[in-house]
Amino acid sequence: MADFRGLEMAVGYRSLGGVKARSERRSTVTGLIAVATVVLTMLLAAAAAAACFRTQTRLELENKALRDSVLVLAAKVDAVQKELTKAKGGLMESPDRRSHDGLSPLRSGRVRRSTRNGDQKQRKGIRALHLQLDVEASTAATLKWKTSAAAVDPGPRSKYLLNNALRLSEDRTNVTVDETGLYFVYAQIHFENARARNAFAVTVDGAFVMKCFQSLDYFNRSLTSTENSRFKPCYSASAVVLHQNQVVAVANLYAHRIYNDPAANFWGFVKLAD
């Protein structure tokens, strides 16, 4: 009996030892799982931090590139503004100082500014000449000219002043250029006849630079030449480079009859640039 009890106690002790061992192993495994969980969490956190760092670095690089682009664009805008300011200054500066394609704009002489009652006024000199046909001294073959009364400076308050850049010859058949430059040259001849063809030309040193032709629309043979007569105006104009001492004239090529009205027959010059 006593042996049986001793055996039973020994078996109980063994069972207790097994339970304790199993409990310890379970605790060890649980601890290992907890450690692994902590390590995995730390690894995930490190990976997330690395991803955030890479994202931040990429954003910083993109921001830097954007800032560089903005700086380049600002520099270009500044350069354009400087060019516009320079161009505006060139337009506003004195005509004597500007130039374009080798032709500087018209030097208009002295500019006078006076202030009266708060108003500023200025006067400019313009190289120009306007001539009308002298009907009493001209023939169909020889055209003589006179200065137009409408083009003569009426007084000190005139907006435009004529000068001696162009000189009418003594016989009043041609004009001599005193100042080299680019001129706007215009001319009109008003024919009055029944001829099939009329024409005039503007010549420079005898060479044609402009021509204008006019023809008769119809001819009624049952009428006289005078009755068939028609008014036929002919106008031509061009920009012409004229040099000092060149001679400019208007010629009636066929020497046909011209309408005797000074206001209908004229020619002239306006200097555009030196």
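**Salt bridges, one by one**

Author: Asp78 is partly exposed, with a relative accessible area of 35% (buried is under 20%, exposed over 50%, partly exposed in between, with a 1.4 Å probe and protein chains only). The model is predicted, so local features need pLDDT of at least 70 and side-chain atom pairs pLDDT 80 or more, while totals for chains, interfaces and linings use all residues. Residues are numbered from 1 along each chain as its sequence is written, and side-chain values use heavy atoms, without hydrogens and water.

Asp78 forms a salt bridge with Lys82, their closest N and O atoms being 3.4 Å apart (a Lys or Arg side-chain nitrogen within 4 Å of an Asp or Glu carboxyl oxygen). Both residues lie in helix α1, four residues apart, about one turn of the helix (a DSSP run of H or I, at least four residues; strands are E, at least two), and Lys82 is exposed at 55%.

Arg127 forms a salt bridge with Glu179, at 3.1 Å between the closest N and O atoms. This pair links distant parts of the chain, 52 residues apart, with Arg127 in the loop between β2 and β3 and Glu179 in the loop between β7 and β8. Arg127 counts as buried at 15% relative accessibility, whereas Glu179 is partly exposed at 23%.

Glu179 also pairs with Lys271, the closest N and O atoms being 3.0 Å apart; here 92 residues separate the partners, and Lys271 lies in strand β13. Lys271 is buried, with a relative accessible area of 4%.

Together with Asp274, the residues Arg127, Glu179 and Lys271 are linked in a network of salt bridges, and the structure holds seven salt bridges.
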